Amino acid sequence: MIKDYTIEEIIVHPIHGMQLSEGYICRENSKGFLGCLPGLLPFLGRTKEEVRARLEEEAKDYYGDDVIVEIAPHPAVS
């Protein structure tokens, strides 16, 4: 049984630009958080912000320095 399992959608887009990609960050029980974006390796971290920042670094390498990764303002449907 999975406890405390929440999924939050994350989006990749240039500053003031349209969405390029989407992925998710989810709670991995006692391990912390797991974040995934298509085409990039998943990242584990202690906090959502740590995972988001690591995914943003990888997204910048892939898409260019003007992109950001942010948690979507609406909850993802699971």
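In the hairpin of S2 and S3, asparagine 29 takes a positive phi near 45 degrees. Five residues lie between the two strands of that hairpin. The model is predicted. Its chain holds one helix and five strands. Along the sequence they follow the pattern β-β-β-β-α-β.

**The sheet**

- The five strands form an open sheet in the order S4-S3-S2-S1-S5.
- The pairing in this sheet is antiparallel.
- Strand S4 (43–45) and S5 are the edge strands, and each pairs on one side only.
- On average, neighbouring strands are turned by 25 degrees against each other, direction ignored.
- In general, the strands of a sheet pair through backbone hydrogen bonds, either parallel or antiparallel.

**S2 and its pairing with S3**

- S2 spans residues 21–27, and S3 spans residues 33–36.
- Four bridges join S2 to S3, and the two strands run antiparallel.
- Tyrosine 24 has cysteine 36 of S3 as its bridge partner.
- Isoleucine 25 stands opposite glycine 35 in S3.

**S3 and its pairing with S4**

- S3 and S4 also run antiparallel, joined by three bridges.
- Glycine 35 stands opposite phenylalanine 43 in S4.
- The hairpin of S3 and S4 has six residues between the strands.
- Glycine 39 in that hairpin takes a positive phi near 85 degrees.

- Phe33 and Gly35 point one way from S3.
- Leu34 and Cys36 point the other way.
- All four of these residues are buried.

**Serine 21**

- Serine 21 lies in strand S2.
- Serine 21 counts as buried because its relative accessible area is 9%, and the cut-off for buried is under 20%.
- Serine 21 touches Ile10, Ile11, Val12, Leu37, Pro38 and Tyr63, not counting residues up to four places away in sequence.

**The helix and the core**

- Helix H1 lies across S1, S2, S3, S4 and S5.
- H1 runs at about 150 degrees to S5.
- The largest nonpolar core has 12 residues in all.
- Its members include Ile10, Val12, Ile25, Phe33, Leu37, Phe43, Val51 and Val69.
- Strand S1 (7–14), helix H1 (48–63) and strand S5 (67–71) are the elements that give two or more residues to this core.
- H1 gives the most, with three residues.
- In soluble globular proteins, nonpolar side chains tend to be buried together.

**The chain as a whole**

- The chain has 78 residues, and 35% of them count as buried.
- Among contacts with a separation of 6 or more, 32% come from residues 24 or more positions apart.
- The accessible surface of the chain comes to about 5300 Å².
- Carbon and sulfur atoms account for 54% of that surface.

Methods: Residues numbered from 1 in each chain as written. Predicted model: local features only at pLDDT ≥ 70, side-chain atom pairs only at ≥ 80, totals over all residues. Heavy atoms only, no water. Core = buried A, V, L, I, M, F, W, Y, C linked by side-chain atoms within 4.5 Å. Buried < 20%, exposed > 50% of the residue type's maximum accessible area, 1.4 Å probe, protein only. Contact = heavy atoms within 4.5 Å. Pairing = 2+ DSSP bridges. Axes fitted to C-alpha atoms, helices over the stretch in contact; angles between N-to-C directions. Areas by Shrake-Rupley, 256 points an atom, 1.4 Å probe, with all protein chains shown as cover.
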